[in-house]
Amino acid sequence: MSEKTTKELEKLREHIDSVDQQLLHLLRKRLDLVAQVGGVKHAAGVPIYAPQREASMLAKRREEAAKMNVSPQLIEDILRRLMRESYLNEKDVGFKQVKTDLGHVVIVGGQGKLGGLFAQMLSLSGYQVKSLDKDDWQQAEAIFDGAGLVIVTVPISVTCELIRDKLTSLPANCILADLTSIKEKPLDAMLSSHQGPVVGLHPMFGPDVGSLAKQVVVVCHGRGREQYEWLLEQIGIWGARLVDADAQQHDKAMQLVQAMRHFSSFVYGLNLYREAADIDNLLQFSSPIYRLELAMVGRLFAQSPELYADIIFAQQESLTAIGDYLDNYAQALELLKRGDRQGFIREFEAVAAWFGDFAPQFQRESRAMLQSVNDMKTS
Ligand SMILES: C=C(O[C@@H]1C=C(C(=O)O)C=C[C@H]1O)C(=O)O
């Protein structure tokens with residue numbers, strides 16, 4: 001059935017269409033300017049992401065918007081979306097090559113998704129990149145010969161063994177780095193296999209990000225920092241934020257941030273499956289927060305089970321964090337069984353007090369996410 005309309009409505013809609021077309025022309029103009037900025041940055045080696053410029057630009061546009069009786073949040077939302085586009089487009093011109101006399105880069109596991117992303121970023125920055133995968137070990141000697149940087153990005157379960165068995169005779173000054181999501185053991189393995197510069201990296205994002213702008217890369221220093229400092233600068237030019245961490249502390253945080261988080265998503269999915277939930281039907285009744293939650297869980301099952309098994313099984317200690325969660329769940333369930341509404345409220349308040357200012361901050365952040373989940377609906 002076609003939507004109801006009137007003559008007057010049609011007239012106004014024609015005006016709106018024409019304004020939208022003007023917007024489109026302005027967008028084209030903005031994209032062209034950003035492309036020029038990309039070229040200038042490429043030549044000068046300026047990072048793709050400029051947080052101070054963004055903050056001052058947003059503040060000015062918000063102020064102007066308020067004066068024009070336009071919601072400051074509206075212009076901020078639009079500009080943030082446009083800036084995301086800028087990062088993607090700036091990428092296309094490539095990046096400045098910080099180290100021009102490196103020799104080539106070898107990505108061990110270059111056919112994996114994350115390896116592929118790093119290979120792409122390095123190639124866009126002018127480096128010669130070679131991939132070394134499962135079937136290439138026969139030619140390893142030739143591939144490593146003359147390498148200035150070797151990046152290991154293979155499943156966690158085989159990372160340390162591979163480093164210890166196969167990376168013992170790299171060129172002396174070659175930098176050895178890994179992208180594993182745990183850091184202590186791989187870093188130890190790299191330090192003992194290779195006498196040259198060593199650095200542990202953990203990109204805190206999946207391979208499906210379109211751009212590294214604003215993404216975090218954790219850095220655990222190994223040895224010979226002066227020799228790999230350029231690599232950190234290069235990653236900064238891609239737009240990522242580098243966060244130094246102690247390997248042990250990083251691994252401890254990962255028990256909650258990764259093992260526990262993915263495990264509870266897994267169980268959430270497992271539960272829906274065992275309860276034979278009808279997802280179509282649930283979506284009919286879904287509130288935006290439920291849809292978002294289901295998306296967070298469902299996206300897990302669109303990816304590789306090996307990847308998640310690797311992350312969850314990586315550290316024996318995660319078992320404690322996950323076990324604690326089960327205990328807390330059981331204790332909270334007791335409140336419910338006893339009908340202890342007051343007890344529930346007391347616990348709730350204790351947790352809220354502990355979250356402190358983060359709770360309202362998270363509420364604000366999630367509001368924006370929920371609104372965009374709602375915007376995505378098509379019927
Ligand atoms: C275009 C630039 O690059 C990025 C994109 C911006 C934009 O689209 O307005 C602003 C700042 C940068 O994060 C720039 O530096 O001006």
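**The core and its surroundings**

Modeller: The largest nonpolar core has 51 residues, and Phe118, Leu149, Val150, Ile151 and Leu176 have the most contacts inside it. A nonpolar core is a set of buried Ala, Val, Leu, Ile, Met, Phe, Trp, Tyr and Cys residues joined through C-beta atoms within 7 Å. Buried means that 20 or more other C-beta atoms lie within 10 Å of a residue's own, with C-beta atoms placed from the backbone; exposed means 12 or fewer, and partly exposed lies in between. Helix 4 (residues 113–124) gives the most to this core, with six residues. Helices (H or I, at least four residues) and strands (E, at least two) are DSSP runs, numbered from the N terminus. Both domain 1 (16–92) and domain 2 (104–245) give residues to this core, so it lies between them.

This is a predicted model: local features need pLDDT of at least 70, side-chain atom pairs count only at pLDDT 80 or more, and totals for chains, interfaces and linings use all residues. Residues are numbered from 1 along each chain as its sequence is written.

Now take Phe118. Leaving out residues up to four places away in sequence, Phe118 touches Ile107, Ile151, Thr153 and Leu179. Such a contact needs C-beta atoms, placed from the backbone, within 7 Å. There is also a second, separate core of six residues, including Ile156, Ile182, Met254 and Ala314.

Next, the domains. The chain is divided into domain 1 (16–92), domain 2 (104–245) and domain 3 (250–375). These bounds come from an automatic or database domain assignment. The centres of domain 1 and domain 2, taken over C-alpha atoms, are separated by 33 Å. Their contact takes seven residues from domain 1 and nine residues from domain 2. On the domain 1 side, five are nonpolar, one is polar and one is charged. Here Ala, Val, Leu, Ile, Met, Phe, Trp, Tyr, Cys and Pro count as nonpolar, Asp, Glu, Lys and Arg as charged, and the others, Gly among them, as polar.

Conventions: Contact = placed C-beta atoms within 7 Å.
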